[in-house]
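Hi everyone, thanks for coming. I'd like to walk you through a structure that may be new to you, so please have a look at it with me.

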Amino acid sequence: MRAVLIANPKATSTSRRARDILMRAFTGDLDLVLAETGHRGHATELARQAAVDGYDVVIALGGDGTVNEAVNGLLADGPSPDLPALAVLPSGSANVFARALGLPDDPIGSTKAVLEALRAGRHRTVGLGTARHPGGTERYFTFCAGVGLDAEVVREVERRRAAGVRADPSLYVRTAVRHFFSGTDRRRPALTLEQPGRPPKSGLFLAFISNTSPWTFMGRLPVNPSPKANFSRGLDVFGMRSLDVGPTAGALAQMLTARHRPVQGRQVVNVHDASEVTLCADRPVAFQLDGDYLGEHRSVTFRSVPKAIRIVI
């Protein structure tokens, strides 16, 4: 079985020694080639070439950003049963997609699980989401997207990481708190949620679009605005019509304790199992996919893609 291991040498917990150990672990089971990423978008290029070259498996070693790029490379020409399967070895700061799949939150433990699945021939086909803004190309996401406050926080974290600050859960929490009180616009809601065949929902400050649950993790604690979201359904949406401290704190408390019921409240908007939603804004608003900041836009359409990709698990 031919496989390519796409590794991000800058992922939070990756080291060259760890990669060497993982390479040796697959010896005997796979004809494995190592391909290290050198720039943003490189994993997409490598995964797309692996599909063209007819590899059986693409293994993504890195954080959620590396996995997202690999997915977009594999699906560059759309889903197909002939594409390589994807295996995920998490080594970033959050690893939401891997953890949502039930994989251990470390590359060594995940390597053992992936090897067992490869030997048994086990795969799981999961649905994904896509996002597209006017003038842009359609891009897949594995677990979540966001428009508004959370994307602004991702933007600020990326700036700090570029300045040499190490990414960990505390950096996201500190940045989110600081930005909530002194950075984001909490007075003028910009967003309207549109869904085919249904009345629009206006006056939103933010929206989270989930392809699975949880939406993210705070360390080992799941943050779960849409607990019913899963890989076999459409997309779930959580939105807020107020960023006052009371409603926001109440919603956050529910996200940290909710396991089966979506967040409730007068200022909360929920959508479950949607095939398509569009977020329109009266001014450019920040936008992120799988924790990757993608600029400011006035409109983004999100679409559910059932049975999009095979996962080794």
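Let me start with one term: a cavity here is a set of grid points where a 1.4 Å probe fits but cannot get out. Rolling a probe the size of a water molecule over the atoms shows where empty space is left. And please keep in mind that this is a predicted model.

So, how many cavities of 30 Å³ or more does the structure hold? There is one, and the space inside the largest cavity comes to about 30 Å³. Its lining includes V147, L191, L279, C280 and A281, and H297, R298 and S299 are among the others. Strands β15 and β16 each give at least two residues to that lining. Sorted by class, the cavity lining has seven nonpolar, two polar and one charged residues.

L191 has L204 as its bridge partner in β9. The two strands make a hairpin with two residues between them, and G197 in the turn shows a positive phi of about 80°. β8 also runs antiparallel to β15, with four bridges joining them. There, the partner of L191 is A281, another residue that lines the cavity.

Now for the second largest pocket. About 250 Å³ of space lies in it. It is lined by 16 residues, and N72, T137, E138, R139 and Y140 lie nearest its centre. Helix α2 and strands β5, β6 and β15 each supply at least two residues of this lining. By class, that makes seven nonpolar, five polar and four charged residues.

Next, some backbone details. Most residues other than glycine have a negative phi, and most peptide bonds are trans. Where is a cis peptide bond found? One joins S213 and P214, with omega at about 0°, and P214 sits in the loop between β10 and β11. D273, in strand β14, has a positive phi of about 60° although it is not a glycine. D290 has a positive phi too, of about 50°, and is placed in the loop between β15 and β16. Are these two aspartates buried or exposed? D273 counts as partly exposed, because its relative accessibility is 37%, whereas D290 is buried at 3%.

Last, the charges. Side chains of opposite charge can pair when their charged atoms come close. The count comes to 14 salt bridges. One of them is between E36 and R19, at 3.0 Å from N to O. This pair links distant parts of the chain, with E36 in strand β2 and R19 in helix α1, 17 residues apart. E36 is partly exposed at 27%, while R19 is buried at 3%. Another salt bridge joins R119 and D29, with the closest N and O atoms 2.8 Å apart. Here R119 is in helix α5, D29 is in the loop between α1 and β2, and 90 residues separate them.

Note on methods. Residues numbered from 1 in each chain as written. Predicted model: local features only at pLDDT ≥ 70, side-chain atom pairs only at ≥ 80, totals over all residues. Heavy atoms only, no water. 1 Å grid on protein atoms, 1.4 Å probe; cavity = no way out; pocket = protein on both sides within 12 Å on 5 of 7 lines; lining within 4 Å. Points joined across faces, edges and corners; volume = space filled by probe spheres on them. Nonpolar A, V, L, I, M, F, W, Y, C, P; charged D, E, K, R; others polar. Buried < 20%, exposed > 50% of the residue type's maximum accessible area, 1.4 Å probe, protein only. Pairing = 2+ DSSP bridges. Salt bridge = Lys/Arg side-chain N within 4 Å of Asp/Glu carboxyl O.
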